[in-house]
Amino acid sequence: MGGGKERIEKGRRRVRGLLALQFKNGVNSWEDLDENLVGSCFPCGGILVGWLISPLSFPSSPPPPQRIQSSESKREPNQHQPNPSQPPPPLLLPFLHLPSSYDHSFIAAVVVEGNQQQQQQQQEVEEEGMTVEAEAPFHVLAVDDSLIDRKLIERLLKTSSYQVTTVESGSKALELLGFREDQSSTPSVSPNQHEIEVNLVITDYCMPGMTGYDLLKKIKGSSSLKDIPVVIMSSENVPSRISRCLEGGAEEFFLKPVQLSDLKRLRPHILKGKSNCKGQKQQQPQPENNNNNGSSSSSSSSSNNCSNNQSNKRKAMDAMDEGLSPGRTRPRFSSDSLTVV
Amino acid sequence: MEYSNLRRQAAYMKKSLFDQGYLDEQFYQLEELQDDVSPNFVEEVVTLFFRDSARLISNIEQALDKCPQEFSKLNAFVHQLKGSTSSIGASRLKNECTRFRDYCDEENLEGCLKSFQKLKREHAVLRQKLESYFQLLRQVGPVEKATRPSM
């Protein structure tokens, strides 16, 4: 049992490495990719059923599902060859994360269909996939001079499954973010060791010294920080203040006291922020249509500063519906089957 | 059963705090945030609040005593105080803060002084009531989260 899992992992790593290599060498077409992958030889005898790559990387649509058999699977007669008309129970290997130095930012999902022997590993891998899902929650930096409000926002954010850091002032926030004054024009080269990775900043407006608005402007004026979404909170409902903040680049303006329901509005901004960094998308459990086709994969791989903040632990998101041209028939996937063809 | 009596008492106490306007909806929001991970969240926040508000009230008192004409300073203190009262749902106290702030804006010292006395009283009353409430809750033990007093 354990051996099987290892093999899957090995296979996974092999594919990942191979893909990385290919992009580095300038793979230009689907055919090139596939040919190289045939040799990747999933040790579990799986079948590569398809690819999804963001439209930025290849202009043409992906190839039809290929049946690629590893040499191992040839040796082991598989009595349970899937019926092509029926989507087979899959093993999903969500994994690919390429460093920002690559030209293409892409998301690929490989569905490996295990043979009968590996069916039992399926559960484990899926669970593993689920665990990966739970890794690296979004990190929010909350700024407020009020101790009570810091405690409150921290609890609100934690309850909503965010990782939280609270600070009492704008200057402390900038310090944590690794803000450097002279960075207004040049992108950051390498991350400061003391920087923390932050997916969203939520700040009070009225603070002594640096106001929330001042903090917002500093963040948006910094090449390394400008893509971090900023939300402003205030106890006062002043329309001119609100519009000033929104015009200054704030994503949202919350009236205090902030409530759990307000926090739901954070998620799209965090995800958009991540998307701007790496062309990555939110994992959608039931993507039924192609309405996201190319819409959010921005070419802002120039904001590699964001990626400097991303740890290698960050998993790739499976944006299953990216890159497929409309009209293609494909099985819809749900969170339990995790099939993509 | 003594236990269910205590629970009823606690529920009744909470209900009166709401009925009499000491607490508002925001207090329920705090309760919503209390769970197994943070089982004493409400009491912790309230404790923090009273510590912080006592400090601010003391600051206001000193300012009124020493430099009463510096209304902007008074305003700044009461702004902070009002923010905290709003965050925990201390409705009556929050309203008193608003009145005090209005007098500050008008630069009405007499109004400020009168309002401040009321503010201090409200603060003391709320503190005593909430202390009793939490004391009772502690005797009762972990109560299930009710959004409304169900008894």
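This is a predicted model: local features need pLDDT of at least 70, side-chain atom pairs count only at pLDDT 80 or more; totals for chains, interfaces and linings use all residues.
## Where the chains touch

Start with the contact between chain A and chain B. Chain A puts 15 residues into the contact, and chain B puts in 20 residues. The size of an interface is often given as the accessible area lost when the parts come together. Here, chain A and chain B bury about 1600 Å² between them. Carbon and sulfur atoms give 63% of that area. On the chain A side, three residues stand out: Ile148(A), Lys151(A) and Arg155(A). Together they supply 43% of the area that chain A buries against chain B, more than any other three residues.

The rule finds two salt bridges across the interface of chain A and chain B. In one salt bridge, the side chain of Lys151(A) meets that of Glu44(B), at 3.0 Å from N to O. Which helix of chain A gives the most to the side that touches chain B? Helix H5(A), residues 147-159, does so, with eight residues. Sorted by class, the side of chain A that touches chain B has seven nonpolar, four polar and four charged residues.

## Chain B: helices

How many helices and how many strands does chain B have? There are six helices and zero strands. Read from the N terminus, the elements of chain B run α-α-α-α-α-α. Chain B has 151 residues, and 44% of them are buried.

Now consider contacts in chain B between residues at least 6 apart in sequence. Of these, 69% join residues at least 24 apart.

## A buried strand in chain A

Strand E4(A) covers residues 139-143. Is this strand enclosed or open? Five of its five residues are buried, so E4(A) is largely enclosed by the rest of the structure. In a regular strand the side chains alternate between the two faces of the sheet. In E4(A), His139(A), Leu141(A) and Val143(A) point one way. Val140(A) and Ala142(A) point the other way. All of these residues are buried.

E4(A) has a partner in strand E5(A), residues 163-167. The two strands run parallel, and five bridges join them. One bridge pairs Val143(A) with Val167(A) in E5(A).

Most residues other than glycine have a negative phi, and most peptide bonds are trans. Some spots in this model depart from that pattern. Ser161(A) is not a glycine, yet its phi is positive, near 70°. Ser161(A) sits in the loop between H5 and E5 of chain A. Is Ser161(A) buried or exposed? Its relative accessibility is 54%, so Ser161(A) counts as exposed, the cut-off being over 50%.

Chain B has a positive phi too, at Glu107(B), with a value of about 55°. Glu107(B) lies in the loop between helix H5 (91-105) and helix H6 (109-140) of chain B. With a relative accessible area of 57%, Glu107(B) is exposed.

The peptide bond from Lys256(A) to Pro257(A) is cis, with omega near 0°. Pro257(A) belongs to the loop between strand E8 (252-255) and helix H9 (260-263) of chain A.

Note on methods:
Residues are numbered from 1 along each chain as its sequence is written. Chains are lettered from A and ligands numbered from 1 in the order in which they are written. Side-chain values use heavy atoms; hydrogens and water are left out. Contact means heavy atoms within 4.5 Å. Buried area is the accessible area (1.4 Å probe) that two parts lose on being put together, summed over both. A salt bridge is a side-chain nitrogen of Lys or Arg within 4 Å of a carboxyl oxygen of Asp or Glu. Helices (H or I, at least four residues) and strands (E, at least two) are DSSP runs, numbered from the N terminus. Ala, Val, Leu, Ile, Met, Phe, Trp, Tyr, Cys and Pro count as nonpolar, Asp, Glu, Lys and Arg as charged, and the others, Gly among them, as polar. Buried means under 20% relative accessible area, exposed over 50%, partly exposed in between (1.4 Å probe, protein chains only). Two strands pair if DSSP finds at least two bridges between them.
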